[in-house]
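This report covers charged side chains, their pairings and the surface patches of one protein model. The sequence and structure come first.

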Amino acid sequence: MIPIIVSFGVLRTHGHLLGFPRPLQILSPAAEATRLAQIRNEYPKESRRTERQDREKKGRETAEQYRLAREHGLVCFDLFAPLVGILLADSGRIRRLVATHYPFMIFDEFQDTDAAQWNAVRLCGEFSTLTALADPEQRIFDFRGADPERIQHFCDEFKPDDYSLGSENYRSEGTEILAFGDAVVARRFRQESYSGINRVTYPGNRNQAFFAMKSNVLNAIRRLKRSKRQSWSVCVVVPTRQMTRRVSDYLESGGEGLPRIAHTATLDVEGIVLAGEIIAYMMEPCDPSGGQGELVDLVCNYYLGRGGGTPNATDIKEGTRLRSAYAKYQEAVEAGRTPSATSIAYKLFDVYRTVQDLRIFW
């Protein structure tokens with residue numbers, strides 16, 4: 001896949017040749033989710049969609065992505081490779097300019113390259129020296145067009161020197177974790193046990209299960225500290241967002257004779273990013289009465305985009321409710337009436353005014 005810094009640089013400089021305005025801006029995944037929420041919400045969940053609905057949904061999403069780029073200069077990540085591919089294919093001069101700036105390119109996880117990305121990579125290889133790092137058994141983006149023959153495509157196109165690092169293991173040397181991972185992928189376990197792999201079961205009782213989980217995390221931390229490694233990490237994987245919050249709260253608690261464990265809880269990034277934009281805006285020094293409309297937009301964006309590629313009707317309804325409440329709030333203010341204190345807009349602006357009155361951020 002062509003690096004983001006290369007592809008957006010090409011688009012920003014030469015995008016006008018495709019009819020796009022200047023300047024171009026990257027539309028983050030969170031912002032893209034906000035813009036496409038209405039379209040995505042019109043279709044069932046992925047497991048319930050028909051092939052026809054999948055094609056229709058994808059077509060409408062792509063059309064909206066191109067509209068945002070042409071009319072507003074907002075470019076989604078999914079458009080980088082197709083658009084750069086068009087520019088590189090149509091202009092040998094641009095291909096040479098890219099090679100002048102990037103004579104050597106390294107592509108990691110090359111096995112997950114889709115058709116548009118491969119086309120851009122192939123064109124870059126005319127004048128640049130390319131290095132592809134790939135593991136055919138770690139292909140995880142088949143649903144986005146990754147081709148199992150992509151590594152062979154690269155070999156056929158560029159006749160590269162081939163180096164196998166399959167026997168090298170610096171991450172878990174002295175264990176059979178790599179063999180276990182291969183067995184999981186292949187769904188074929190050839191051994192009864194694997195060195196470095198332990199299985200611990202937990203009681204059905206919630207408190208006992210959480211206590212056992214935290215105890216094992218603490219034991220793992222002690223073991224890693226004794227190993228004198230310069231860098232290490234412990235990961236707790238859970239199946240749902242709700243479980244993430246519950247496990248995080250328990251790790252943070254200091255009850256039952258176990259110490260608190262400093263950690264970072266990782267959830268879907270879209271909601272975090274959009275919530276961060278709201279908090280940052282509230283902290284900016286400005287007249288609260290003059291920034292209400294922008295604040296409403298940010299909160300509505302949060303509801304529309306926090307579900308990422310799978311928005312739900314409840315969030316969209318909540319965003320619509322806030323906009324309606326804001327319209328009524330404005331009508332009351334313009335008519336000289338006091339807005340209803342029970343209005344969601346009134347409560348939002350009350351919080352905004354409280355934050356602005358703190359005057360501790362500037």
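Arginine 150 belongs to helix 7, residues 150-158. Helices here are DSSP runs (H or I, at least four residues), numbered from the N terminus. Apart from residues up to four places away in sequence, arginine 150 touches Phe110, Thr113, Asp114, Ala115, Trp118 and Gly145, where contact means heavy atoms within 4.5 Å.

## Basis of the values

The model is predicted: local features need pLDDT of at least 70 and side-chain atom pairs count only at pLDDT 80 or more, whereas totals for chains, interfaces and linings use all residues. Residues are numbered from 1 along each chain as its sequence is written, and side-chain values use heavy atoms, with hydrogens and water left out.

## Salt bridges

The structure holds 13 salt bridges. One of them joins the side chains of glutamate 42 and arginine 60, at 2.7 Å from N to O. Glutamate 42 sits in the loop between helix 2 (29-41) and helix 3 (51-72), and arginine 60 in helix 3, so the pair ties together parts that are 18 residues apart in sequence. Arginine 60 is partly exposed, at 32% relative accessibility. Aspartate 54 and arginine 49 form another salt bridge, with the closest N and O atoms 2.6 Å apart. Here aspartate 54 is partly exposed, at a relative accessible area of 32%, while arginine 49 is buried, at 18%.

In the salt bridge between aspartate 350 and arginine 353, the closest N and O atoms are 4.0 Å apart. Both residues lie in helix 14 (residues 344-358), three residues apart, or about one turn of the helix. Aspartate 350 is partly exposed at 38% relative accessibility, and arginine 353 is partly exposed at 26%. Elsewhere, salt bridges that share partners link Glu32, Arg40, Lys57 and Glu61 into one network.

## Surface patches

Arg222, Arg223, Lys225, Arg226 and Arg229 form a positive surface patch. Patches consist of residues with over 30% relative accessible area and no salt bridge; like charges are joined within 9 Å, and nonpolar side chains (Val, Leu, Ile, Met, Phe, Trp, Tyr) within 5 Å. The place of a charge is taken as NZ of Lys, CZ of Arg, CG of Asp or CD of Glu. Arginine 223 is part of helix 9, residues 206-226.

Trp232, Val234 and Val236 make a nonpolar surface patch of about 220 Å², with accessible areas from the Shrake-Rupley method (1.4 Å probe; for residues, only the protein chains shown count as cover). Valine 234 lies in the loop between helix 9 and helix 10 and is partly exposed, at a relative accessible area of 35%.

## Methionine 243

Methionine 243 is in helix 10, residues 241-252, and counts as partly exposed at 23% relative accessibility. Leaving aside neighbours within four places in sequence, methionine 243 is in contact with Phe210 and Val238. Glycine 73 is 170 residues from methionine 243 along the chain, and their C-alpha atoms are separated by 39 Å.

Note on methods: Helices (H or I, at least four residues) and strands (E, at least two) are DSSP runs, numbered from the N terminus. Buried means under 20% relative accessible area, exposed over 50%, partly exposed in between (1.4 Å probe, protein chains only). Lys and Arg count as positive and Asp and Glu as negative; His and the chain ends are not counted.
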